[in-house]
Amino acid sequence: MSKPVVLIAEELSPATVEALGPDFEIRHCDGADRDELLAAIVDVDAILVRSATKVDAEALAAATRLRVVARAGVGLDNVDVKAATQAGVMVVNAPTSNIVSAAELAVALLLACARNIAPANQALKAGQWKRSKYTGVELTDKTVGVVGLGRIGLLVAQRLSAFGVKLVAYDPYVQPARAAQLGIRMVSLDELLAESDFITVHLPKTPDTLGLIGEDALRKVKPSVRIVNAARGGIVDEHALYVALKEGRVAGAGIDVFSSEPCTDSPLFEFESVVVTPHLGASTDEAQEKAGIAVARSVRLALAGELVPDAVNVKGGPIAEAVRPGIALAENLGRVAGSLSTAPLEAVEVVVLGEVAEHDVKILELAALKGVFSALVTDPVSYVNAPVLAGERGVAVSLTTSTEAATWRNTVRVHLSLTDGTQISVGGTVTGPRSVQRLVEIDGFEIDVPFSEHVAFLRYSDRPGVVGAAGRLLGDAGINIAGMQVSRDEAGGQALIALTVDSAIPADVLSAVAQEIGAVSARSVDLEL
């Protein structure tokens, strides 16, 4: 079998390729060259990018077998996450890889502003000794306002506390009691603007944060304030900042990010009191190596069919070892249930019973949903787009759990409600040290059949001779029966034959068997075990 292909579209650390390991074919291209990217992405399974490569709807449409887009960094401005989700492509990033580097740069910009390091450096290199011109200010006893107390904002606050500053912060999602334990006083944005001698911004770029530090905000600050933005361009309105600096309402600024990048010409550049850097927040050897290794590991997990903690468009996070065997089971149960459907789907309920329900089993709902839609639609279905397909079709999805289980230690059931009122129920369990998947229920009929790549179900009125007739017709067609179990609700009532066979049953053969035994329904399902 050929190896999965991973396309590296930008320069990444050697440790990235090392972390991928020998199981992949590695290709390279210049992702910033649009024509080269569109040609290279056609037949790859994963693409690794930084910030220069735009993975948009056009690129995703060109990729015929893409399963993962991996951004070696935090931001995803260059990846169309919505289009990727629609296409069933997982998007992963490295959310913690550069937080230390970004925090350190913010502190560096703040210190550079306070001590006029950049203009003093430039003047001295030009042969000018201007000690008095570049007198700065100390940080000790000053108030530093941190806008956004997430991971990076918190690291900045911790580092600045060593300078003897007073820390205030604005973040509507942080509890004041938690901040107080860290020596930080939570305030409103207006209070922070009015009190701070330094303001450092650490927010994600969203419609709500765009232009947050703008004209109105900059009229509420001290004229001695110095503002640092090493987060995302556009959160600090660059034109409003320029006007405030021009009018003497702001003393200085440290800017690493711009609303449009690359930015090589800005009105802000005319001020000696403004220190600028070309988006260097993640530009350290350590951050690049951490990011590359993190996304390489995510790519390995994703291409192996595992759930990825750093995926941004599918549920991530740790999965308990007790839950892992149930993932494939839930998907196969969903595929069986979907294959038994005879009308449009209205609702999917996943029921998890037994000891496993003590853990977070949300992943089993997702796996079942993937299985259901894999049986119902022709387009590829993944953990990523299965919830999208349900949402587009108005299908209600729910998860029910209980630590009580009747027959088996753990059971997963998938219930489907169809628009014509039909109810479908498929149950299964995992047993033994090898985690063997077993079907234990079909629409209330109790069975115990190991999963096979090829299974079939025949519903009929209980009477003599049916099993023999079905076996004879399958044998005549060269279909070898690996296992068979019959279940009935009562003698002479409704009965079910569950078959596992060594090869797929052709539709005409299944139809002939159904006609011969007078089956109410006959379905065959091919599974990926």
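Buried here means under 20% relative accessible area, exposed means over 50%, and partly exposed is in between (1.4 Å probe, protein chains only). This is a predicted model, where local features need pLDDT of at least 70, side-chain atom pairs count only at pLDDT 80 or more, and totals for chains, interfaces and linings use all residues. Residues are numbered from 1 along each chain as its sequence is written, and side-chain values use heavy atoms, with hydrogens and water left out.

Searching the whole structure turns up 25 salt bridges, each a side-chain nitrogen of Lys or Arg within 4 Å of a carboxyl oxygen of Asp or Glu. Helices (H or I, at least four residues) and strands (E, at least two) are DSSP runs, numbered from the N terminus.

**Glutamate 58 and arginine 34**
- These two form a salt bridge, with 2.8 Å between the closest N and O atoms.
- Glutamate 58 sits in helix H3 (residues 57-62) and arginine 34 in helix H2 (residues 34-40), so the pair ties together parts 24 residues apart in sequence.
- Glutamate 58 is partly exposed at 47%, and arginine 34 is also partly exposed, at 24%.

**Aspartate 45 and arginine 67**
- Their side chains meet in a salt bridge at 3.9 Å, N to O.
- Aspartate 45 is in the loop between H2 and strand E3 (46-49) and arginine 67 in the loop between H3 and strand E4 (68-71), so the pair ties together parts 22 residues apart in sequence.
- Aspartate 45 is buried at 8%, while arginine 67 is partly exposed at 36%.
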